[in-house]
Every structure is written in C-alpha cells, then in structure tokens.
Amino acid sequence: MYEGVTSHARRIERSLPAEWYFDAAQYQRELERIWYRRWIYVGRADAIPEPLDYVTHRIGTQVVLVLRDERGAIRAFHNTCRHRGSALCRAPSGRLAGGRITCAYHGWSYNLRGELARLPLHDRPRPDGLDGLGLYPVAVTEWRGFVFVNLASEKASTFESSAGDVLESLAHWPLAELQVGHTHSRTVQCNWKIFWENYHECLHCPAVHPALSALVPIYKRGIMEPGDDPDWIDHSDSVDPAYRGGLRANAVSWTMNGQACGASFAGLTAEERRIGYHYLTLLPSMYIAAHVDYVRVVRLQPVSPETTEVFTQWLFPAATLNSPEFELENAVRFAAQVMTEDAAVCELAQQGQRALSYSCGVLMPEEYAVHDFQQWVRAELAH
Amino acid sequence: MYEGVTSHARRIERSLPAEWYFDAAQYQRELERIWYRRWIYVGRADAIPEPLDYVTHRIGTQVVLVLRDERGAIRAFHNTCRHRGSALCRAPSGRLAGGRITCAYHGWSYNLRGELARLPLHDRPRPDGLDGLGLYPVAVTEWRGFVFVNLASEKASTFESSAGDVLESLAHWPLAELQVGHTHSRTVQCNWKIFWENYHECLHCPAVHPALSALVPIYKRGIMEPGDDPDWIDHSDSVDPAYRGGLRANAVSWTMNGQACGASFAGLTAEERRIGYHYLTLLPSMYIAAHVDYVRVVRLQPVSPETTEVFTQWLFPAATLNSPEFELENAVRFAAQVMTEDAAVCELAQQGQRALSYSCGVLMPEEYAVHDFQQWVRAELAH
Amino acid sequence: MYEGVTSHARRIERSLPAEWYFDAAQYQRELERIWYRRWIYVGRADAIPEPLDYVTHRIGTQVVLVLRDERGAIRAFHNTCRHRGSALCRAPSGRLAGGRITCAYHGWSYNLRGELARLPLHDRPRPDGLDGLGLYPVAVTEWRGFVFVNLASEKASTFESSAGDVLESLAHWPLAELQVGHTHSRTVQCNWKIFWENYHECLHCPAVHPALSALVPIYKRGIMEPGDDPDWIDHSDSVDPAYRGGLRANAVSWTMNGQACGASFAGLTAEERRIGYHYLTLLPSMYIAAHVDYVRVVRLQPVSPETTEVFTQWLFPAATLNSPEFELENAVRFAAQVMTEDAAVCELAQQGQRALSYSCGVLMPEEYAVHDFQQWVRAELAH
C-alpha cells in the first residue's frame, strides 16, 4: 500500500513486524545480538567511589560484577565462580573485604584483576590445570562519570568509536562532577523497543503530555525540532518557541514551576540555555536529558518480551543539592509525571500487537527518528 | 483392544489423544483452526443498545471491538490501531464519544465503519499512502438477540449456513426479547474440550448431580434421551419420566423448587412444556438451555491449555424480572449448583491426562455425543 | 586447559555443561531417562499400615497411587482412570473404602489389583472391549520399610539389582522397625543435580557448615574420608578424628549436644559406633544417613529446571519416641541447620550458571564423588 510512496519529506514507512514485540525467540535474538554486544550503561562511577567497592548489574540473563580495584581502576567480570559456577557477589552493592572476590561456596578467591588467588585447603599442593581459571572479564569503560560494560568483552569495539559523534553533544555540561540526587524505577509492561519508539517522536505529545506540551510549545505541534515542520521556512524568523523550539516564555528548566532548581551550569552557550533541554542517546540502554540546572539519566533493562524495567537518576551539582533552598519535589516531579504518561501509552501500544490481521504498523514522516531507530534494530540483527 | 468391536449400538470408541488436553502447540492449533475460524458468541445485542455503544471481547489472544454504528448496525473490528498497533478501546464496555474510535496514543480516529477519519496535526497535508488504513474488520452477525463474530472475516461462511438446522430447535422461544437477569463467571482448570465432553453425556449425572438427577429422572439412569436406552422399546409406553424423559412429577422448570419463576413462554408446544429443558449448541463457544420460564446461556473462553473461563447468563422475559414476586435466588441457584458440580469433575478429568501409560481414553455407547464432538474436533483440525 | 592433566590422584575434571542446570529440554530429558526409569523412593511402608490404605506420590509430571491390598501387599498404579483419564485419588493419603478404587467422575471402580471391577449402569449389558481396561501398573517394591516405585513398570530391573552392593552398607541398622518421628520439607531454588553435587563433597564444609565441621573434624579439612587426604599415609596411625574420621571426642551422634537421643542400636560394630554417621545413597531420589541412635532419610522431587523440593524424615526406634526423656528438638535441629546451610549454597550455585562465558566448571580431586555422580548422569542419559 505504501510501497510506491517516494516523496522524500512526506514518506510513510513500514514499522517493524508485530511479532518482534512479543515473540520469545525474537526477544532472545535481540538480547544476544544487541544487548550482549553493545555498551550498556550500568551506573555512575561514584556508586563505587573507593577501591574495593562493587556493584552487580543485570543485562538480560547475565549478571556483571563491576568493581574498583586497589589502584582505582574500574573492572568488570561475569559474577560467576570458575569452580562450579556459583554466583560470587550476592548484594546489589558492597565492599570486597581484603581486596578479594571470594566465593561463599568453596572459598575460591580472586584478586581484583580477576586472577585466581587462593584455594582454601589447596594452597600448597595445588593440582595442575588451575592456572588459567580467572574470572571471565567483561569490557568496561568510564565516560564522564558514567560506567558502561560490554559483554562482547575483547571483541567489543571501543566505547568512543561505538558511540560516535553524539558524545560531543553535551560537551558543555560538567557531567563528571554531578551527583545523584534522586532515583526512581518502574516496571513497564512493554517490549523494550516500544519504549524507545515512544522516546523518538513527539506526535503523541499534545494528547499524552499536556504539561510538557505547555512547557515546550513546539511539542504541542507534535514535532521535536523546527525542521520537522514542512513549512518551517515560513516561520524561520519567528521568535515564538512554538516555531523555533525551546521553553515557553519565563521558563528555564523542566521543573514544576519552570524555574531552575539551582545555579545554571556555567559553560552553556546562550542557545543551549534558550532551548533548555538536550538529549544524548546511547542505544540500547540509556539516554541523558540535560537541562540548564540538572541532568536526568534514564536506563532500560529488558526483563521479558513484554516487560521492561526503567530506572531514572536525577543528577545535580553538589552546590544545588547542598543548598538550603533546594526543593527536590519541584525538581523531580515534572519529569516523573512525563514518564508516568509515557509508561501508560507504551503499555497501550504493547496490548494491540497480537491482532491476527495486523502484521506491522506505519510510521509518519514526523516519526523519522522512530524509523531510524528501527533501521538500527534491523541492522544490529543482521550481523 | 476395542478395534474389533462392531456391534453398532454397543460400540466403544477411542477418545482423543491425551496430549491434546495439555500440549501448548496443540492448544495453539485449536485456537487457529477452530476458535479463529468459527462463529464465536460475544454477548447479547442489548449489551450495546444504543448507537455508539461498544464492548470488547477476547478470543484466545485476540481482542475484538464490537460496536453499534449511528444507524444501529452492529460492526466488529480488531481492537488495534493501524498506526503503530495500540489497543484502541480499553474498557470492557463503553460509548464511542462523537461517533469516533480514537486511539489514545497519537489520536488517530476512525469512523464507526472503521475508516480512518482524522489524524491530528495531519488533516491538511496528509501524506500519501494512508487511505487504505482502516480498522481490520471482523465478521459479525446478530441472531435472535445473540451477537457472534468470526475472525475469519471475509472468508467466514454465513452464521446460518455454519450453524445449520440446530437454529430451528428453539423456534418457539422468544429469544430476541429476553433480558439478562443474572450473570456468573468461573475459571475452570481444564482444557476447553473437557468442558464440552462433560456437557455431551449424562453418565456422570447420577453420581455428580444428585439434585439434577432427582429433577430429571432419566438422568438418574445415566442417559440423556429415551432412545439412549438399549431396551427403550420395552418402555415405549411408559409415562414415567425416567423412561420418557422430562421433569419429575410436579416440576416444570430448573429452579430450586421446581416451579416456574414467572409466566411460561406462550408459544411452546405441549411436548416442549412436558420435557422442560431444551438445548441449542453452537460449537465451540456457547450453548443455550431453554426452559418454560427462562433461558440460560453458557459461553466458553479458552485461557490456556489447561484453563477455561465459563460465563453464564440467565435470560428472562421483562415481565418476570419486573414482577414483585420474582425470586432471583430460586431461579439461578439450581443451575449454578449443577455448574459447580461440573466444574469439579472437569478439573478432575484434566488432572489425570499426563500419565505416561495413558495415550487416550474410551467412550461408552452412551457417550455417542462426546464421540460426535470429538469427530467434529478432528474434522476442524484436518482442514 | 585441564585436558593434559593425568596425575591420577590429583586430576581435575570438567563439570557438566552449564545449560544442563537450567535448560527446559534437558530437564525434560532427565525426567524421561532418569526419573521415569529409576526406582524412586516414595515413603515408608508404615504410611500405609493397613489394607486399603493409600498414598499418592508425584514424580515429575506423573502421579502414582501406592496402596496396600486386602492381603497386605503393596501395589502401585498410575492415578488415572482408563475411561476418560480422570485423576482417581485426590488426597495425598487416605483409605480405599470397600476395597475399591472408584473414579469420582463416572464411577468406574477397580479392585486393588487394578482390574476393572464395576461400571455403574453397565454391569449387566456391558459392552465388549472393556476387559483389558485395568489401571496401568507401576512397579513397586518394599525394602526394609522403604517403598520404591519404578515408572518403567515391567521394563524395570529389580530394585536389588539396580541398587547393587550399597544395600549392604546399613545391614546392622534395624531400618524396617524404625518410626517417623519428624518430617520437614523445603523448596530449594536449584536444579536437582546441584543438590546431589553438594551432597557428594565436603570441600564446602569448613566455610558452610561450622557446627558440622566441629562435630566431624575431618570435614573441617574439606574431605570426607581419611583416604581423600593425599598424605593419608603420614597419619595412618593417628587416633585424631581429624585424620581417621568419626565424631569429635565426647560426641556420639548428630544432635545439638552431640549425645544420643535414645538407646543406641544394638547390632552396630564398634567401628560403626566410632564413626557415628553412615550413608546409603539411592540415586536419583534419596539417601539415608544413619547414626547410632536415629536415621535420617532425605528425598528429592524435581519441580522445574531450577526448583527442587526436598523432604526429610527422621526415623527413631519406638522406644526412643516413647521415652519421656526424648527431646525432639535436640535430635532434629542439628541436621535441619546443616540442610538450611546446604540449601543456601545450592541456590548460590544455581544463580551463576547462565553466564555467557561459562560453559562448565571444574572438579577438584577431592570432588571425585561429584565426578562419579556426573558420570552416572551422563551414562543414564546415553541409553
């Protein structure tokens, strides 16, 4: 039906096959070809501030142990003992006493480089063949305070080459220095791709996000950027934020009252301040939303074909958090409400996918970024 | 063992393969070849009395939207938006404000013929390729106040040709004029076919249904009809209901006290009154049990290989419901008790199917109607 | 890595493939090739002391009915009616009134030899072809008060030939005369093989079982027998239980205070008394731990690939149970605590199996009995 449509700017596209949103085998393929090969955000580096600190992190069925070694370097390993496969660290976070990762079952212990360090009862007459039995390493990197792991391990390309130019987009924000001021998690009954598709378009904004559409007038028009408007040239001189983007008059940030919740970041350009919201997306696991006064980090964790866990962190400058005038509720409630609205429509989108006659949906021209995301998924699955 | 048995009237037959009662792939096959191809009862037409009223109805994994259009015609569609597959109507019933089916996600709206009517933000420069994007239709029909849908849609044969002569059997009951006076639903832990097999024989009646067997004396003999008795000719002159069927002396209906719960239907024959219970079966989803004073409708909904939801409606003349002397409890409790007894033995029958040595059961001569049902299942699966 | 290791006593071995501990198809294979072919412990014979008593017992998806017939013989059948597959006995235990196993659905009844005895409503003109329709028999045997069944039925080899010489090991214990004094059940979130692997080595004892390692000093050294020590010859004259096995000084049994909870068994040898604990293992379903004063029986029931139910019975002489000085808590709490500790590490071992890089673990020389168990599993699956 829409095959012959070629008008570039006004083209509609086929969406992904409907069964990709609920089929268990497809879900497993996506875990293996995307989640187990890409750099996955696991948390802020300051969650393990001191040597010997660790966190554990789940990606699909995998559990990764992320730790800071004696010299301060971050390392990551599969959380599995080489002896008989026991889980090593059981708490979500903690401290590796004595600089050893010790299995609670038979006491095998590993140093923080993952090497087998001690076998209780076997230290002297140790049998042959144990020397290579270190923990299985997982590639890990820190980028401006964010820690990422990659289960492809030595086959993983570097984080920077994998992420590409997008890493420049928040260059003026002091990301490494920010602190977590609030966190939230939510189980959403949808496939992980539906969450990302919702993220990548604003056609739903007028009906779904009334408060956000009032704060960001261009969203009320269902578009994300001035150039999304086919008639943009007619409004190229407009100073109305409904046409040139940015926040409504008298608002500077995504907060309940539109005001900043603390001092603005010093290094931002005038344009960055005027717009008031900037995104950095690192598929498949996270995006960063940066405002003039704070930064929000959203992380995804697929749980099953039709279930996704969504974790949100609000990052602030220390000075903001320490200020007696700081009002946490004003800072976090606005975005939390937007996410509640998004979760509801993501669940709605999930519920209709199984109709026998429905093989796939369509994407409107304004959903070009959803199409780009879907092309990325297709490409990831192809190799 | 029973292959050589040929005596027509006294023959025993093999039952269906045991794994057909619990195997997930077989269950899926039955959904696809039976439930998604046959006319399925969804409810009474007066559940959507006015234009713009709707109900949603689940068949296996499918959700069908059934509505009454502006001209009073009943229509049905898959409850899935053509844009990106969202569920459209979320409540089990409601009203389509403005005569539009509107998706809560991006606001696509369809008229009550299922045609794409309005795209918010796109009404003027609408991209090409959207014209065919109406809702996926589902075949629907009304028969004497009962609404049926068929997911085979345009491939479905007509309801009347599909149902055949059985539709004549309750010709004397004013089915279209009756009103729902009571409803009940119950989750039974059995395969849907076990429910139907139980329905199709009365060998279990003496032990399982003592009150019913007292009300219907022939049931106490484990048979359903006088002709089921191999010695029927010896009793062909008997006026004893244990031999000629019908209710016990001094009872006229299936109620707690055996008395009618309101005026009898005017058009019944003397024989219909004497018998006191008449069935109309429309596989796979429903049967109607008609008495002289009320009608009972039972609807099945398969939930999983070993779970079936059973819904019951009691239909009465308006005059009965409006009568100050009407006692609902007397009218509904009798059949509710019979169904509770049936549910218990259906669950028992389910529990023994997995025994390694048990490949299938046997059907007694009196279970000829179970055999007919099983032959119907085999035939449905074969094409 | 460990392929070249050949030194006999100090060899390390590969463990089973990691996916055998969670894969659903492998679990099904193990049910079919091990649990449905081996003799499975179902309980003590005195659980059905009188003719007509029965118990039902689950093995994987199978339910076996074990009963005592009129002459006192124990018999077992699939708990499934030959008519249409209903479950027959619904309670975990009970009494077969009238010496009949009667189906609650249509009343088919079987005598205690499993033969079809009576069809209600069909006793005189019974249709042909029903004569062979007895209950499906399951092989059953009693050995010294313990009842075992075998779903391979007539293909099963005898219990004695299947069990072999191990049956001699507790010859001096009056097993048949003991009575159940306490029972306990626990759901452990691990594959059934992980439970057995834990049972077959004591390398974990020092860290996991501090009280047990104090009671049995050789366990504190991580080994089970004096010969497990590569330097055993240096200690062959030692009377220290850390080298020659047995209980710590001044202890005689596995109880909280180390003292016997009643009179010692009369027939034990001095060596049997000195050691104080003796095992008899009957894979895959049970082991017996025998002490000088009581006996403990542990039974496994696989529930899913990652779930196992563990039942424990404490058996005592009647005189002990009847003694006013008997302290149940002292007798049972010690072993219950050991089992709680084992359950925790079994669950830990389960949790690490899915790591992508982990294909299997390694077995230390001291884990020779785990290796033997794994070789047994491999052999069972091979035929």
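To compare copies of a chain, they are superposed by least squares on the C-alpha atoms of residues with pLDDT of at least 70 in both. The structure treated in this way here is a predicted model.

Chain B can be laid on chain A with an RMSD of 0.1 Å. Which residue of chain B comes closest to the rotation axis? That residue is B:Ala24, whose C-alpha lies at 8.3 Å from the axis.

The next topic is the interface of chain A with chain C. On one side, 29 residues of chain A take part in the contact, and on the other, 35 residues of chain C. The size of an interface is often given as the accessible area lost when the parts come together. For chain A and chain C this buried area is about 2,600 Å², with 63% of it on carbon and sulfur atoms. Three residues, A:Arg84, A:Tyr105 and A:Leu121, supply 26% of the area that chain A buries against chain C, which is more than any other three residues.

Between chain A and chain C the count is 2 salt bridges. Polar contacts link 16 residue pairs across the two chains, counting pairs with both residues at pLDDT 80 or more. On the side of chain A that touches chain C, the residues divide into 14 nonpolar, 11 polar and 4 charged.

Terms used:
Residues numbered from 1 in each chain as written. Chains lettered and ligands numbered in written order. Predicted model: local features only at pLDDT ≥ 70, side-chain atom pairs only at ≥ 80, totals over all residues. Heavy atoms only, no water. Contact = heavy atoms within 4.5 Å. Buried area = accessible area lost by both parts, 1.4 Å probe. Salt bridge = Lys/Arg side-chain N within 4 Å of Asp/Glu carboxyl O. Polar contact = N/O pair within 3.5 Å; in protein donor to acceptor, adjacent residues only side chain to side chain. Nonpolar A, V, L, I, M, F, W, Y, C, P; charged D, E, K, R; others polar.
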